[in-house]
Amino acid sequence: MAHKSVILITIDALRPDHLKAYNYYKNTAPNLEKFVKKGSVFTNALTNGPETPSAFSSLFTSILPFLSGGFSPLPTQKLIFPQILKENGIYTYGIHSNPNLGEYFNYHRGFDVFLDGERYKEKQDMPNNRIIKKNSLYFLKKLLNYKNLFNRLMYGLKGFNKIKSLLRNRFPFLTDIFLPFTPIAYNAPYVVNKVTSFLKKYDKELFLWAHFMDVHSPFNPPSKNVLAINNSDIILRERSFLNTEVYQNPEKYTISSEILDKLKILYDAEINYVDSYLKYLFELILQKFPKDCLVIITADHGESFFEHGFFFHQGNIYDELLKIPLFIVEIGNDNAIKTINNIVQIIDIAPTIIDYFGFSIPDTFQGKSLIPLIRGESIEREKYIISETYQKNGIMKRNGETGYKLLSIRAYGWKYIYNEQFDEELLFYLKSDPEEKVNLITKEIAKLTQFRKIRDSHFEEMTAVDEFSTISKAITKIDFKNINL
Ligand SMILES: [Zn+2]
């Protein structure tokens, strides 16, 4: 077996158009920009799910979220790629703190080391498991969450942000202690510290996954990072107003361009914050792996900044959520194609990793390896791209809960959206309407009919008894020759 390693870095809710590599006017992430110059940037990468559970299910299983039993929790029959790596003798290390990706949701499978912050999760459905310590933490947390008491206390404390950033920088291990009280737990210094300490000691082929939550709302970056991308800071009271009032209850306010600009400054500063720590990880990677290492940097989904009347990343499936950054750096390959414009999907990442190690890609994987693209070879063009999730009244639903299907299909410059709850359909011609503002549903009846065919055929696949054997059959059931999209 070749001595190869893969490092997957995922940054929750990172929009590509807030990075210079995707023509953003600010350089929010200078260290990332410098590192990815060694590899390929994918200018048209899309997620198959608009929020964490559906997106990560697609990334880890290379199967669309609705198929093979759903996506949250991951059904155990849905193989995730770390299982394949482990079976083939690769050491696997994962660290994240997104509650949707924990052991409870079956993401731990195939990992030799899996740090997910789960030990702080109160398991309300398992009362017998509660020990006194867990119980007291649970009630303390509940108390602090009462009317947002903790946040109000912290925001009200002068210099809190300075103290927080000082503590985070100097004593990353304090995260373990504060973990139960903060909504978003492991922060960038903690994750980078854990990962770099491990990498320094480890010396064999490996797969490492590090997920960063800092760019995820609420946006409350250290002032230093705000000042790195903007000429003035935003005071804590205003940050609190933006994060807790505007972001959560936009209907109460007139969303002015000034409000949007300020939110974006805070968001950009969070990107800058993560980037300032990624610097250490990139330095170590380059020092440790002079060759035979594939580094993939991506996001699970984007973030809405009121383009279509939404904030956050739930309840809609527009491109501000579906477009993701994707960089692949093949260390040791100096001839990598720098810019790749092919439309690629998050389900392509698992086969890419398996392919790079040289293992055979399971038949159940719906994505394709991107290794040929970065090496200048071509791959067959995807006919269409499906992204999907469950939601109800704009709130994400896992498949165990009662939710409605929200789906988009993209093909040859067109995009179709179906919202089951309101039986709503939208059709956009992205080539002339990239912002998805002009619904052509009544004008393009032929196109609509074609998209409905694909949609219905896809929904039929969901109900197939043995999905694993029927996936490919169901796909070939669609007669592409007669679909002119
Ligand atoms: Zn996410």
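Guide: Let me begin with the helix terms: helices (H or I, at least four residues) and strands (E, at least two) are DSSP runs, numbered from the N terminus, and the expected span of a helix is 1.5 Å times one less than its number of residues. The model is a predicted one, in which local features need pLDDT of at least 70 and side-chain atom pairs count only at pLDDT 80 or more, while totals for chains, interfaces and linings use all residues. Residues are numbered from 1 along each chain as its sequence is written.

Visitor: How do you know that the reach of helix H15 is close to the one expected at 1.5 Å a residue?

Guide: Helix H15, residues 445–463, has 19 residues, and from its first C-alpha to its last it reaches 27 Å, close to the expected 27 Å.

Visitor: What makes the span of helix H8 agree with 1.5 Å a residue?

Guide: The 14 residues of H8 (188–201) should span 20 Å, and the C-alpha atoms at its ends are 20 Å apart, so the two values agree.

Visitor: Which residues of H15 are buried, and why are they said to be on the same side?

Guide: A residue is called buried if 20 or more other C-beta atoms lie within 10 Å of its own, exposed if 12 or fewer, and partly exposed in between, with the C-beta atoms placed from the backbone. In H15 the buried residues are Lys447, Gln450, Phe451, Ile454 and His458. They cover an arc of only 95° around the axis, which puts them on the same side of H15; the arc is that of the directions from the helix axis to the C-beta atoms. On the other side of H15, Ile445, Ala446, Thr449, Asp456, Glu460 and Thr463 are exposed. What covers the buried residues of H15 includes strands E12 (385–392), E14 (404–411), E15 (414–419) and E16 (424–429).

Visitor: Why is glutamate 436 called buried, asparagine 393 exposed and glutamate 307 partly exposed?

Guide: Glutamate 436, in the loop between E16 and H15, has 21 C-beta neighbours inside 10 Å and therefore counts as buried. Asparagine 393, in the loop between E12 and strand E13 (395–397), has 9 other C-beta atoms within 10 Å, so it is exposed. Glutamate 307, in the loop between strands E7 (304–305) and E8 (311–312), has 16 such neighbours inside 10 Å and therefore counts as partly exposed.

Visitor: With which residues is glutamate 307 in contact, leaving aside its neighbours within four places in sequence?

Guide: Two residues are in contact if their C-beta atoms, placed from the backbone, lie within 7 Å. With those sequence neighbours set aside, glutamate 307 is in contact with Tyr318, Glu320 and Glu435. Tyrosine 318 is 11 residues from glutamate 307 along the chain, and their C-alpha atoms are separated by 9.0 Å.

Visitor: What makes E14 and E15 a pair, and in which sense do they run?

Guide: Two strands pair if DSSP finds at least two bridges between them; 6 bridges join E14 to E15, and these strands run antiparallel. The bridge partner of leucine 407 in E15 is tyrosine 418. E15 and E16 also pair in the antiparallel sense over 6 bridges, with asparagine 419 opposite glutamate 424 in E16.

Visitor: How do you know that strand E1 is mostly covered, and with which strands does E1 pair?

Guide: In E1 (residues 5–11), 7 of its 7 residues are buried. Ser5, Ile7, Ile9 and Ile11 lie on one side, and Val6, Leu8 and Thr10 on the other, so both faces are covered. E1 pairs in the parallel sense with strand E6 (293–298) over 6 bridges, where valine 295 is the bridge partner of isoleucine 7. E1 also pairs in the parallel sense with strand E5 (206–212), over 6 bridges, and there tryptophan 209 is the bridge partner of leucine 8.

Visitor: What does the largest nonpolar core hold, and why is it said to lie between two domains?

Guide: A nonpolar core is a set of buried Ala, Val, Leu, Ile, Met, Phe, Trp, Tyr and Cys residues joined through C-beta atoms within 7 Å. The largest has 117 residues, and those with the most contacts inside it are Val191, Val274, Val295 and Ile353. Helix H11 (residues 257–288) gives the most to this core, with 13 residues. Domain 1 (5–124 + 160–380) and domain 2 (383–485) both give residues to this core, so it lies between them; the domain bounds come from an automatic or database domain assignment.
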